[in-house]
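Please look through the model below, and keep it beside you while reading the report that follows.

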Amino acid sequence: MNKDDMILISVDDHIIEPPDMFKNHLSAKYIDDAPRLVHNPDGSDTWQFRETIIPNVALNAVAGRPKEEYGLEPQGLDEIRKGCFDAAERVKDMNAGGVLATMNFPSFPGFAGRLFATDDSDFSLALVQAYNDWHIDEWCAAHPGRFIPMALPVIWDAELAAAEVRRVSKKGVHSLTFTENPAALGYPSFHDDHWAPLWEALVDTETVMNVHIGSSGKLSIPAPDSPMDVMITLQPMNIVQAAADLLWSAPIKKYPTLKIALSEGGTGWIPYFLERVDRTYDMHSTWTHQDFGDKLPSEVFRDHFMTCFISDPVGVKLRHEIGVDNICWEMDYPHSDSMWPGAPEELDAVFKTYDVADDEINKMTHENAMKLYHFEPFKHVPKEQATVGALRAAAGDHDVSTQALSKHDKAGPNFQEWAASAKAMSGSKD
């Protein structure tokens, strides 16, 4: 397949929320107490909510910037691409990068919306619903066919969480962002019946639970003084733990149509993982009392889990051992792992290296995502206008050149700064 003929849908990108996002969706009695974006004397912009301050750190919004500007210092909106926080500009960036559609995870509330958990249940629910309505009705709806809508959960109340899944499903939402480990955030684990209403709602509405790496606020680090490279290398380990915890959980057996996406977890580790769970089942199920009926754990994994990759050549090489139907592509815009705007070129090189057939390319680049999330972009963008080549032609002279935007001196990163950033992204208050 020629790279210009590919159709790209990314199942993991991110929003840097704009300052006016609550204006049209939160009632007047709550607006003064809502989170607000504050411009600081040092030029940075930080979201502030009561005692909590959440910076936009530079690893979270570096699309189009030189690697020398990657880091952990807080930054202002004028130091990042407008596509990070403006949907119209995001679409221009997507066109220039040859990407048809993306699904966008939240930033300042945390991946599971834990920031919005207050001592006032009505206020907390209003914040979640306001966020979801802004995301669905403004960010996504303004550009039909270009964004897969996603909802924040009501993480602190399983019944309310289920009700919110059902509410947004009526708006066409089939994607819920959730934590990779609720127990790490102080909530019941995936093995507790507490979450039964949520599982029921997900299954009834055919909504996918997306567990994103780092969404528990806990990251793997051998020692406090380990180099930052250790932390970044081990990030996918979070998703391996989540996959094991969920695969061996009761809901996987009880709900045969339950779907879970392992967001930003990569794919290269999965063949070994599947071998390991099958051996564990064979060697130990007689005394652990696990029972998958007439299936192996690896088969059950393929029934329930979707995985995704940014480039991951090893995962593409081993795609048949993973299951081509279980793989989606992601771009991770505007984070530091993103391949934007050169995604088509990088993907094309990997696909050609491993002789990936056209039908398999189509599944991994867009068809699996469309099926999983009940997403129908071609109702809005004709298929012939949705290819890499057509989108780039439509982008015209939109500037995607690398630009140095930082106004801050670079400081060496340390674990404490990284941990604070991860805690803010997860919404953890511990």
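In which loop is H374 found? H374 is found in the loop between α14 and α15 (388-395), where helices (H or I, at least four residues) and strands (E, at least two) are DSSP runs, numbered from the N terminus.

## About the model

This is a predicted model, in which local features need pLDDT of at least 70 and side-chain atom pairs count only at pLDDT 80 or more, while totals for chains, interfaces and linings use all residues. Residues are numbered from 1 along each chain as its sequence is written, and side-chain values use heavy atoms, with hydrogens and water left out.

## Overall form

The protein contains 16 helices and 11 strands, and its C-alpha trace spans about 65 × 55 × 50 Å along the principal axes. A compact globule of 430 residues would have a radius of gyration near 22 Å, and the 21 Å of the protein agrees with this; the radius is taken over C-alpha atoms, and the globule rule is 2.2 Å times the number of residues to the power 0.38.

Of the 430 residues, 58% are buried, where buried means under 20% relative accessible area, exposed means over 50%, and partly exposed lies in between (1.4 Å probe, protein chains only). Among contacts (heavy atoms within 4.5 Å) between residues at least 6 apart in sequence, 76% join residues at least 24 apart. The protein has 37 positive and 66 negative side chains, and the centres of the two sets lie 2 Å apart; here Lys and Arg count as positive and Asp and Glu as negative, whereas His and the chain ends are not counted, and the place of a charge is taken as NZ of Lys, CZ of Arg, CG of Asp or CD of Glu.

## The parallel sheet

Strands of a sheet pair through backbone hydrogen bonds, either parallel or antiparallel, and in this report two strands are said to pair if DSSP finds at least two bridges between them. Three strands form an open sheet in the order β1-β5-β6, with parallel pairing. Because β1 (9-14) and β6 (147-148) stand at the edges with a single partner strand each, one side of each is left without a neighbour in the sheet.

Four bridges join β1 to β5, and the bridge partner of D13 in β5 is N104. Strand β5 (residues 101-105) is also paired with β6, in the parallel sense and over two bridges, and the partner of M103 in β6 is I148. Six of the six residues of β1 are buried, so this strand is largely enclosed by the rest of the structure.

## Two antiparallel hairpins

Strand β3 (residues 45-49) pairs with strands that can be taken in turn. With strand β2 (residues 36-39), β3 pairs in the antiparallel sense over four bridges, and V38 has T46 as its bridge partner in β3. These two strands form a hairpin with five residues between them, and G43 in the turn has a positive phi of about 95°. With strand β4 (residues 52-55), β3 again pairs in the antiparallel sense over four bridges, and F49 stands opposite T52 in β4. The hairpin of β3 and β4 has two residues between the strands, and R50 takes a positive phi near 55° there.

In a regular strand the side chains alternate between the two faces of the sheet. Which residues of β3 lie on each side? D45, W47 and F49 are on one side and T46 and Q48 on the other, and all of them are buried, so that both faces are covered.

## Helix α3

L125 is found in helix α3 (residues 121-140). Leaving aside neighbours within four places in sequence, L125 is in contact with V154, W156 and L160.

## Backbone details in loops

Most residues other than glycine have a negative phi, and most peptide bonds are trans. The peptide bond from Y333 to P334, however, is cis, with omega near 0°, and a cis bond with omega of about 0° also joins W340 and P341. P334 is placed in the loop between β11 (327-329) and α13 (343-353), and P341 lies in the loop between β11 and α13 as well.

D355, which is not a glycine, has a positive phi of about 45°; D355 is found in the loop between α13 and α14 (358-372), and at 66% relative accessibility it counts as exposed. The phi of H374 is near 50°, a positive value in a residue other than glycine, and at 37% relative accessibility H374 counts as partly exposed.
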